[in-house]
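Me: Hi! Could you walk me through this one with me?

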Amino acid sequence: LSVGDRVVVEPLVRCGACCLCGKGKYHLCDSLSVVGLHLPGALTSAGCVVPSYTCFRVPDGLDLSTAALVEPLACGIHACQRSSVTPESSVLVLGAGPIGMMVTVALLHRKISKLTCVYKHEHQ
């Protein structure tokens with residue numbers, strides 16, 4: 001990575017020393033911190049400082065607004081893969097924030113016909 005590269009960030013900052021990090025399960029790290037929750041940053045135009053291992057270059061031709069959806073979409077896809085939903089399932093998604101919407105997108109891709117997404121805020 002170089003200064004000025006366009007990147008997206010996986011917001012998980014791990015210790016790298018615990019047993020779970022050693023097994024490659026850094027998302028379960030004993031000292032896990034999340035950028036934007038435990039550490040300053042995320043959703044800021046001013047930028048933030050994160051470890052380089054959390055950064056992934058955005059390919060030329062992919063706009064940053066679309067690239068920003070990669071992590072929420074990955075969460076949505078992962079949630080669907082871990083579930084036992086089938087096209088015949090009735091599914092309720094609670095919340096229409098970025099991850100809730102990406103779960104909904106992933107479920108639509110799986111052709112779930114009985115799908116409801118509820119939201120709290122009118123702008124959603």
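**Loop, bridge and surface**

Reply: Happy to. Lysine 111 sits in the loop between helix H4 (98–109) and strand E6 (114–118); helices (H or I, at least four residues) and strands (E, at least two) are DSSP runs, numbered from the N terminus. This is a predicted model, where local features need pLDDT of at least 70 and side-chain atom pairs count only at pLDDT 80 or more, while totals for chains, interfaces and linings use all residues. Residues are numbered from 1 along each chain as its sequence is written, and side-chain values use heavy atoms, with hydrogens and water left out.

Me: Thanks! What is phi of lysine 111 near?

Reply: Phi of lysine 111 is near 65 degrees, a positive value in a residue other than glycine. Most residues other than glycine have a negative phi.

Me: And is lysine 111 buried or exposed?

Reply: Lysine 111 is exposed, at a relative accessible area of 62%. Buried means under 20% relative accessible area, exposed over 50%, and partly exposed in between (1.4 Å probe, protein chains only).

Me: Switching to salt bridges, how many does the count come to?

Reply: The count comes to one salt bridge, meaning a side-chain nitrogen of Lys or Arg within 4 Å of a carboxyl oxygen of Asp or Glu. Arginine 57 pairs with aspartate 5, and their closest N and O atoms are 3.0 Å apart.

Me: Where do arginine 57 and aspartate 5 lie in the chain?

Reply: The pair links distant parts of the chain, 52 residues apart: arginine 57 is in strand E4 (residues 55–57), and aspartate 5 is in the segment before strand E1 (7–9). Arginine 57 counts as exposed at 53% relative accessibility, whereas aspartate 5 is partly exposed at 30%.

Me: Nice. Which residues make the nonpolar surface patch?

Reply: Leu92, Leu94 and Val118 make that patch, about 300 Å² in area. Patches take residues with over 30% relative accessible area and no salt bridge, joining like charges within 9 Å and nonpolar side chains (Val, Leu, Ile, Met, Phe, Trp, Tyr) within 5 Å. Areas come from the Shrake-Rupley method with a 1.4 Å probe; for residues, only the protein chains shown count as cover. Leucine 94 belongs to strand E5 (residues 90–94) and is exposed at 68% relative accessible area.

Me: Zooming out, what pattern does the protein follow?

Reply: Along the sequence you get β-β-α-β-β-α-α-β-α-β, with four helices and six strands. Of the 124 residues, 23% count as buried.
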